[in-house]
Amino acid sequence: MNLSTLLLARASAGRPVRVGLIGAGKFGSMVLAQAQRIEGLHVVGVADLNVGRARESLARVGWPAERYAATSLGDAVKSGRTCVTDDAGALAACDEVECIIEATGHPIAGIRHAIQAIDAGKHVVMVNVEADVLCGPLLAERARRQGVVYSMAYGDQPAIICELVDWARSCGFELTSAGKGMNFEPRYRYSTPDTVWGYFGWSEEEVKKGDFNPKMYNSFTDGTKAAIEMAAVANGTGLDCPDDGLAFPPTGLHDLARVFRPVADGGRLPRSGLVDIAASQEPDGREVFNNIRYGVFVTFKATSEYTKACFRQYGLLTDPSGWYGSMWRPFHMIGLETSVSVLSAVLRNEPTGCSKEFRGDAVATAKRDLKPGEMLDGEGGYAVWANAIPATRSLALGALPIGLAHNVKLKRPVGKDQIVSVDDVELTSDLDVVALRRQMEDETRRTAPQKAA
């Protein structure tokens, strides 16, 4: 990689890479923690509906107050300081800003922000996987037409998984599966914002000291975030989600190649070419030995006896047959690494992962028996969790994407663990985004045959 060399050249020429950040929560704070240390990277503005929270985030990660004292974006550009604002649209409208990092985590807002930025000729680093899995392929195509980059965020697991997938294919291996580690037990599926910290093992005192959103962290716990991220990986790599959703087989590093191979060869996958999760907990709560809780992985197959022999000779961890091997990265550092995406977009015109097609979907699924008149509360809430299934199956079922399950009223009862359909709810708001989603669905129906539900 030569991004730091390219950035240094820009900095030496007095042309810093200028960035706007939307969303100053946990991910945004991690971006800011490192951005102040990178010579040649200038955060022109930070936009958040809660300006006070944004200033608290900057202070928490060590920015001196004078660094974010710019009175306007224009002042920030001239002075090299940072402006804090509640106007995300102003970042897209600022001519000097080259790239927008969208880190709100809100799918509806994220899509609108991305469209504003793309139409203004800005690159977009979409931290907001919730928005990406809802309309990402459509946004990526819009960016291509505008001659800008629409990218997954490096440091987050989907982008790093896409990198490993690209590595395996570039080496000529037969790709079998890809996924990530996660702390998961089946009972977590029904967690709510009231119970989430117990599953993380954090005390109330620890939670109060941090910048933690219980609803967001609950979306990690109940499997919703996993479904969203694996659907995004499917859309970016051409792999598939399992027909019935993610299986979360408990797996340690030493068993990745054995577990994530097809059932026909002794593994747990229905077939090759799927995404799934390596759970770090057994169903009874015991921790999996040598787990990959914070990491990502790919499994792949040797293409010949010679390659298989090389796997053994060079110490690759394989399945018992020696034909399947695994490669992994044991950690991801989310916002601390996202500058890689910004620099790749601006300096190379290349995304670090990008949704190419509508292949996987994250669909709303009832956490309990739901009654007509109840309101759905989206990712990490009290009513629904997300299941990752093939887009063809989602379309055949008329499933409600998790990104549209915010503040919508049920018209019909839905049983526990049943997929909620669009016909089960009243979609009366955010109709601009609903229309974009339907456009993507219609285009997919025209270009690909549906599988039976």
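Biologist: What should I know before I look at the model?
Modeller: It is predicted, so to speak of local features we need pLDDT of at least 70, side-chain atom pairs count only at pLDDT 80 or more, and totals for chains, interfaces and linings use all residues. Residues are numbered from 1 along each chain as its sequence is written, and side-chain values use heavy atoms, leaving out hydrogens and water.

Biologist: Thanks! At what angle do α6 and α7 pack?
Modeller: About 5 degrees, with the axes of α6 (residues 107-119) and α7 (residues 129-146) 10 Å apart. That makes the two helices roughly parallel, a label for angles under 35 degrees.

Biologist: Which residues of α6 and α7 meet?
Modeller: On α6 they include I111, A114 and I115, and on α7 they include L134, C135 and L139. Contact here means heavy atoms within 4.5 Å. The residues of this contact divide into 11 nonpolar, 2 polar and 3 charged.

Biologist: New topic: how is the protein divided into domains?
Modeller: Domain 1 is 3-156 + 335-348, domain 2 is 158-184 + 223-331, and domain 3 is 360-447. The bounds come from an automatic or database domain assignment.

Biologist: How many residues of domain 1 and domain 3 are in contact?
Modeller: 12 residues of domain 1 contact 16 residues of domain 3.

Biologist: And how many salt bridges are there between domain 1 and domain 3?
Modeller: There are 2, where a salt bridge is a side-chain nitrogen of Lys or Arg within 4 Å of a carboxyl oxygen of Asp or Glu.

Terms used. Axes are lines fitted to C-alpha atoms, for helices over the stretch in contact, and angles run from 0 to 180 degrees between N-to-C directions. Helices (H or I, at least four residues) and strands (E, at least two) are DSSP runs, numbered from the N terminus. Angles under 35 degrees count as roughly parallel, over 145 as roughly antiparallel, 65 to 115 as roughly perpendicular and the rest as oblique. Ala, Val, Leu, Ile, Met, Phe, Trp, Tyr, Cys and Pro count as nonpolar, Asp, Glu, Lys and Arg as charged, and the others, Gly among them, as polar.
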